[in-house]
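Work through the exercises below with the sequence and the model open. Each task is followed by a solution in steps.

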Amino acid sequence: MQTSSLKNNLWRWSGAIITLLAFSAYCWLSVIRHVDFKTAGYDVGIFDQAIRHYAHFMPPYSPLKGIDFNLLGDHFHPILILITPLYWIWDDPRVLLIVQSVLMAASIWLVWVFARRKLPGILACLLYTSPSPRDLSTS
């Protein structure tokens, strides 16, 4: 009786455990890559400048894209406005990398919840832990 209860609890919490492990790995790898100057600095720089401008209640200009280039003329990114309060706490590009890790981990959790409701146990587990085709590419 106790063994099946342990299995049920492990099965119930496995999604959260794997999600937390994935978040930790994504976060650690992205921050380490940034510290080692291995991030795509152009993209990180563009969005860092935009959020930094939002944090100072200014339009999201990005000098990396051109002098007085307003990102609102390129694309509208409402999530950048939601990230702005984090820049009031810690004004650093690593905030973007950590938020990206949180969002990736949240997507893993959503796949787990969907798979657990719609598929039998082992199929849900396989879907949840399988890599994406992009991860399998050799390019």
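**Exercise 1.** Is D74 buried or exposed, or partly exposed?

Solution. D74 has a relative accessibility of 33%. Buried means under 20% relative accessible area, exposed over 50%, and partly exposed in between, with a 1.4 Å probe and protein chains only. D74 therefore counts as partly exposed. The model is a predicted one, in which local features need pLDDT of at least 70 and side-chain atom pairs count only at pLDDT 80 or more, while totals for chains, interfaces and linings use all residues. Residues are numbered from 1 along each chain as its sequence is written, and side-chain values use heavy atoms, with hydrogens and water left out.

**Exercise 2.** Locate D74 and find which residues it is in contact with, leaving aside neighbours within four places in sequence.

Solution. Step one is the position: D74 sits in the loop between α2 (41-55) and α3. Helices here are DSSP runs (H or I, at least four residues), numbered from the N terminus. Step two is the contact list, where contact means heavy atoms within 4.5 Å. With neighbours within four places set aside, D74 touches K65 and F69. Step three is the polar contacts, which are pairs of N or O atoms within 3.5 Å; within protein, one must be able to donate a hydrogen and the other to accept it, and residues adjacent in sequence count only if both atoms are side-chain atoms. The side chain of D74 makes such a contact with that of K65 at 3.3 Å, and another with that of H75 at 3.4 Å. Step four is the charge pairing: K65 and D74 also form a salt bridge (3.3 Å, N to O), the term being used for a side-chain nitrogen of Lys or Arg within 4 Å of a carboxyl oxygen of Asp or Glu. K65 is partly exposed, because its relative accessibility is 32%.

**Exercise 3.** Describe the surroundings of D92.

Solution. D92 is in the loop between α3 and α4. Its relative accessible area is 14%, so D92 is buried. The side chain of D92 reaches the backbone nitrogen of R94 at 2.8 Å. Beyond four places in sequence, D92 is in contact with D48, R52 and Y87.

**Exercise 4.** Which residues form a nonpolar patch on the surface?

Solution. The patch consists of F57, L86, W88, I89 and W90, with about 630 Å² of accessible area together. L86 belongs to helix α3 (residues 78-89) and is partly exposed, with a relative accessible area of 37%.

Notes: Patches are made of residues with over 30% relative accessible area and no salt bridge: like charges are joined within 9 Å, nonpolar side chains (Val, Leu, Ile, Met, Phe, Trp, Tyr) within 5 Å. Accessible areas come from the Shrake-Rupley method with a 1.4 Å probe; for residues, only the protein chains shown count as cover. Helices (H or I, at least four residues) and strands (E, at least two) are DSSP runs, numbered from the N terminus.
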